[in-house]
Amino acid sequence: MRLMRLMHWVLAAPLLAAGAHAEPGDAARGRLLVADRTQSLCLLCHALTAAGDANQGNLAPPLAGVAARLSAKGLRDRIADMRRFNPATVMPPFRSTEGLRDVAPAWQGKPAMTEQQLDDIVAYLATLAP
């Protein structure tokens with residue numbers, strides 16, 4: 001058993017050192033994050049349905065059917081830093097700390113979202129097929 005734990009650590013160490021984590025995304029946690037306006041802010045700009053909702057945003061494309069439009073990697077890359085696809089975007093770069101201005105001192109040098117939160121949101125969005 002001890003050898004198995006050591007082997008797991010040895011195999012996972014390069015991934016963890018590169019910023020990855022051992023736990024896969026969880027769609028249920030992701031759904032809660034997307035709905036939480038104090039953490040992800042997704043629903044300030046996006047609606048969950050194509051018809052929209054009075055309490056959800058209309059500045060960005062609806063999230064309904066997003067799994068049919070983008071792969072998990074595509075979703076992850078856009079949430080991490082949409083500026084790579086559209087330099088004029090108003091979407092916050094949730095995993096980047098580069099090129100930001102007016103950042104509160106408590107947040108300087110810290111991404112707005114953890115890798116786990118990003119993976120959880122991507123796992124949830126991947127369930128939103130038409």
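This is a predicted model: local features need pLDDT of at least 70, side-chain atom pairs count only at pLDDT 80 or more; totals for chains, interfaces and linings use all residues.
Helices here are DSSP runs of H or I, at least four residues each, numbered from the N terminus.

**Entry 1, aspartate 81.** I looked up where aspartate 81 sits, and it lies in helix α5, which spans 72-81. Buried or exposed? Aspartate 81 has a relative accessible area of 11%, and the cut-off for buried is under 20%, so I put it down as buried. Next I checked its side chain, and found a polar contact of 2.8 Å to the side chain of arginine 83. Then I skipped the neighbours within four places in sequence and asked what aspartate 81 is in contact with. That gave me Pro93 and Ser96.

I moved on to the loop between α5 and α6, where proline 92 lies. I got 37% relative accessibility for proline 92, so it goes in my list as partly exposed.

Which residues of α2 (27-35) are buried? I noted Gly30, Leu33 and Val34. They cover an arc of only 100° around the axis, so they sit on the same side of α2. I then looked at what these buried residues pack against, and wrote down α3 (42-45) and α6 (115-125). Last stop was the start of α2: a side-chain oxygen of aspartate 26 comes within 3.2 Å of the backbone nitrogen of alanine 28.

Terms used:
Residues are numbered from 1 along each chain as its sequence is written. Side-chain values use heavy atoms; hydrogens and water are left out. Buried means under 20% relative accessible area, exposed over 50%, partly exposed in between (1.4 Å probe, protein chains only). Helices (H or I, at least four residues) and strands (E, at least two) are DSSP runs, numbered from the N terminus. The arc is that of the directions from the helix axis to the C-beta atoms. Contact means heavy atoms within 4.5 Å. A polar contact is a pair of N or O atoms within 3.5 Å; within protein, one must be able to donate a hydrogen and the other to accept it, and residues adjacent in sequence count only if both atoms are side-chain atoms.
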